[in-house]
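Let me put the thing up on the screen, and then I'll walk you through a few spots.

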Amino acid sequence: MTQDLPAAALARRALLRAAPLVMLGTVPAALAQAEAVPVRFAYNPSAPIGTYIAAIGIDAFTREGIRLDTQRFSEPAAALDAIASRQVQLGGIGFAGALQAISLGQKLRMIAAFEYTFTDTSGHPWEAVFMIARKDAAVRSVKDLKGKKVAILGVSSTWYLALRDRLRDAGVDVRDITFLSMPYTQMAGALTLGQVDVATITSTEYVRLGQRLPVDVVMTGSQLTGLKLDLTQVIVARHDWLQENQPLAVRFLKAMLRTRAFMRQDIAANDGATIKRFIREQLKFDDLLTDTFYRYRAGYAGRELAFVNDLDVPRHVVDVYARTLEGAGLLRGAKPAGFDQAVDLAYLKRAHAELGLRWDDAKTLD
């Protein structure tokens with residue numbers, strides 16, 4: 001019970017609960033008192049997202065009148081099908097898979113970024129994924145993948161499609177490689193048992209595996225995509241659902257923006273101590289993995305703003321992935337979706353405006 005907590009703990013709780021509201025205005029009293037609206041959200045727990053973890057930690061969605069019902073999917077295609085069939089309303093989806101689905105005619109829209117990958121101005125890489133190989137597999141570059149077995153999240157995953165581009169650049173036929181789809185959390189075991197030689201694996205699983213098996217880094221995620229700032233996942237919803245539920249979509253994005261503001265404040269003032277606590281509690285990580293996840297993924301909030309508006313989806317990234325999908329022959333002859341067909345930033349811009357945040361149209365990734 002609350003009355004049994006020490007005074008210091010109560011003070012910390014009050015500060016934590018108030019922080020995102022103080023920074024970006026207050027939630028209207030009527031909304032706070034209203035019954036929360038249920039929203040089913042597709043999420044891949046094997047590729048955890050720092051913003052989602054922090055949002056759950058500070059009850060960001062509840063504070064916007066949303067009762068988030070998280071549905072877990074390990075494969076992007078399954079999550080996309082769930083959104084298309086109305087099983088869920090929104091989802092965090094790999095960028096390439098989302099663009100492919102839209103290009104093939106699914107009436108979906110990307111409305112915000114969910115996670116970025118980039119190298120900041122200090123030279124620190126904030127990488128979501130590494131392509132690693134067992135040391136005894138002697139894989140030093142993509143040219144060495146011929147005849148190897150490679151673990152991927154799925155054939156619609158961002159990293160698989162980016163790897164196809166790099167293979168084509170290196171003159172390697174994808175038919176000379178055996179690709180095995182599996183969740184990120186199973187890749188370390190597959191490498192250890194010799195079931196695969198190479199894996200496109202999350203940074204956390206890479207560090208965990210490196211404690212017991214010698215591995216080589218073949219490429220980073222940024223090297224795979226060749227983008228200055230990449231989107232590993234985006235928030236996706238049906239176009240008709242968005243039109244019918246505009247205020248709810250905006251509230252969802254406001255919860256994410258409030259969370260990002262909280263993360264930037266915690267990083268600046270506390271070296272991310274609260275974010276790290278959320279990671280440890282929700283992911284059940286030990287101190288090493290908590291620090292690793294923070295160092296690679298959750299600690300970048302705010303540093304990406306030199307490139308984009310908060311949670312923006314850059315036009316340039318859409319163009320690059322459109323060429324990737326078309327070049328890989330994955331659109332079945334369809335024309336790749338352009339930015340205006342794939343992305344609708346109206347909800348994100350409205351969320352910015354309602355929170356008093358400035359949107360800068362001059363920010364680009366040329």
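This is a predicted model: local features need pLDDT of at least 70, side-chain atom pairs count only at pLDDT 80 or more; totals for chains, interfaces and linings use all residues.

You'll find it in helix H14, which covers residues 287–296. Its relative accessible area is 0%, so Thr290 counts as buried. Who does it touch, leaving out residues up to four places away in sequence? That would be Lys276, Ile279, Arg280 and Phe285.

The axes of H3, residues 50–57, and H13, residues 273–283, come within 9 Å and cross at roughly 90°. Anything from 65 to 115 degrees goes down as roughly perpendicular, so that's what we call H3 and H13. On the H3 side the contact uses Ile53, Ala54, Ile56 and Gly57, and H13 brings Phe278, Ile279, Gln282 and Leu283. By class, that's six nonpolar residues, two polar and no charged ones.

Now the sheet. It's open and mixed, with six strands running in the order S2-S1-S3-S11-S4-S5. Which strands stand at the edges? S2, 66–72, and S5, 125–126: each has a single partner strand, so one side of each has no neighbour in the sheet.

Further in, S3 (residues 90–94) and S11 (residues 229–238) run antiparallel, joined by five bridges. Look for Gly94 there, opposite Gln233 in S11. Helix H7, residues 158–170, packs on the sheet and touches S3, S4 and S11, with its direction at about 130° to that of S11.

Note on methods. Residues are numbered from 1 along each chain as its sequence is written. Side-chain values use heavy atoms; hydrogens and water are left out. Helices (H or I, at least four residues) and strands (E, at least two) are DSSP runs, numbered from the N terminus. Buried means under 20% relative accessible area, exposed over 50%, partly exposed in between (1.4 Å probe, protein chains only). Contact means heavy atoms within 4.5 Å. Axes are lines fitted to C-alpha atoms, for helices over the stretch in contact, and angles run from 0 to 180 degrees between N-to-C directions. Angles under 35 degrees count as roughly parallel, over 145 as roughly antiparallel, 65 to 115 as roughly perpendicular and the rest as oblique. Ala, Val, Leu, Ile, Met, Phe, Trp, Tyr, Cys and Pro count as nonpolar, Asp, Glu, Lys and Arg as charged, and the others, Gly among them, as polar. Two strands pair if DSSP finds at least two bridges between them.
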